[in-house]
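Student: I have just opened this entry and would like a guided look. Where shall we begin?

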Amino acid sequence: FDELLASRLRALSAAASRQFVEAFAQQDACVSAFHRVLQEGGADWLLPALHVVDRAIRRLALQADAQLRARGEKADRLHDAVRILTRSFTITITDRAPLEVSKKWGALAVINELFRVYFRMNNLRLCANLIRAVDGTGFPPFEQFPMAQKVTYKYYVGRLSMLNANFTQAEEQLMYAFEHCPRESLKNKRLCLMYLVPTRLVLGKLASVRLLAKYALHHYAPLCAAVSKGDLRAFNEHKETHQSLYIQQGVYLIVERAKTIVYRNLFRQLHALIGSNKLSLVQMAAALSAVGVEMDVDELECILANLIYLNYVKGYISHQKRFLVVSAKDPFPALSAVALAP
């Protein structure tokens, strides 16, 4: 413990002097000493302290890398932090003590720290091993972990599910994180909604204007309105205007995928307007042009074929006669009934 405490104090002193590279080195020594204590029989009551030093090593790594980049030097302390946190993960997850006193109860907090680093490094493939550990039979019951740790975990696995186009699963996980965040944690609830709103949009579920206003996510309001109305032109204009923001947030491709719902709602309105289950593709293209959506018949046919394949439209296309023939019963199934393919 002497070496552990001395290294920790030196790290705090260096950080106070804004010498973050030195602070990281001292914190590295501190965590390494802590690992030795745990391996030599340290009890589970030390786990809260492990979480403190692990959180510190991640934060100092970010600060040290920023300082190194400012000097024009190689910034690799975050990679070192991965090595250190992985060691913490191994020590906790492989503990063989009885479950009630097992160090495995410290694993979820370490996993969340690794999630933060992997997302920062954009190295998301490494997250799979962490998820497998939590889903494994030897892991403690998830429900018995502290709520803050469960919310953080669900937030990150929800984002991963969204990026992997598992939207139903992503909705469930992100909704859990959002609903279990304390009411006063507006920033964290807003973070959940940043990914929950576009995820639900792809599923055809629109956020209310009131909810978006409450969490300062106003930019999603016109997007939801365009999807609801099947307003393709408004959708495209909004997407282009906010392209940089959506790319920065990592949801641009998810927003782009919502265009399928826009097409579905647009063609449903055209079907109601024409009033027939046999729709001429030429007439449909002309109707689209009249509302400011330029699309030739070949492009229209391609989009309709994709909607039929995805089960958004029940029917078939007569390529030779250039007609879309839709089912007399439920030609545009409810979005909740459509199973999305990744």
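This is a predicted model: local features need pLDDT of at least 70, side-chain atom pairs count only at pLDDT 80 or more; totals for chains, interfaces and linings use all residues.

Student: How much space lies in the largest pocket?

Tutor: The largest pocket holds about 510 Å³. A pocket is an open set of points on a 1 Å grid over the protein atoms alone, where a 1.4 Å probe fits, with protein on both sides within 12 Å along at least five of seven lines; lining residues have an atom within 4 Å of a point. The volume is the space filled by probe spheres set on the points.

Student: Which residues are closest to its centre?

Tutor: Arg116, Ala148, Val151, Thr152 and Asn188 are the closest, out of 24 lining residues.

Student: And which helix gives the largest share of the lining?

Tutor: H7 does, with 7 residues. Helices H3 (47-71), H5 (107-121), H7 (147-163) and H9 (186-202) each supply at least two. Helices here are DSSP runs of H or I with at least four residues, and strands are runs of E with at least two.

Student: Changing topic, what is the order of the strands in the sheet?

Tutor: The order is E1-E3-E2, in an open antiparallel sheet of 3 strands. Strands E1 (278-280) and E2 (315-318) are the edges, each pairing on one side only. Two strands pair if DSSP finds at least two bridges between them; E1 and E3 (residues 323-326) have 3.

Student: Now His271: buried or exposed?

Tutor: His271 is buried, at 15% relative accessible area, because buried means under 20%, with exposed over 50% and partly exposed in between (1.4 Å probe, protein chains only). His271 sits in helix H15 (residues 259-274). Beyond residues up to four places away in sequence, His271 touches Ser276, Asn277, Leu279, Val326, Pro331 and Phe332; contact means heavy atoms within 4.5 Å.

Student: Where is Ser102 placed, and what does Ser102 contact?

Tutor: Ser102 lies in the loop between helix H4 (77-93) and H5, and is buried at 1% relative accessibility. Leaving aside neighbours within four places in sequence, Ser102 contacts Asp44, Leu47, Asp95 and Ala97.

Conventions:
Residues are numbered from 1 along each chain as its sequence is written. Side-chain values use heavy atoms; hydrogens and water are left out.
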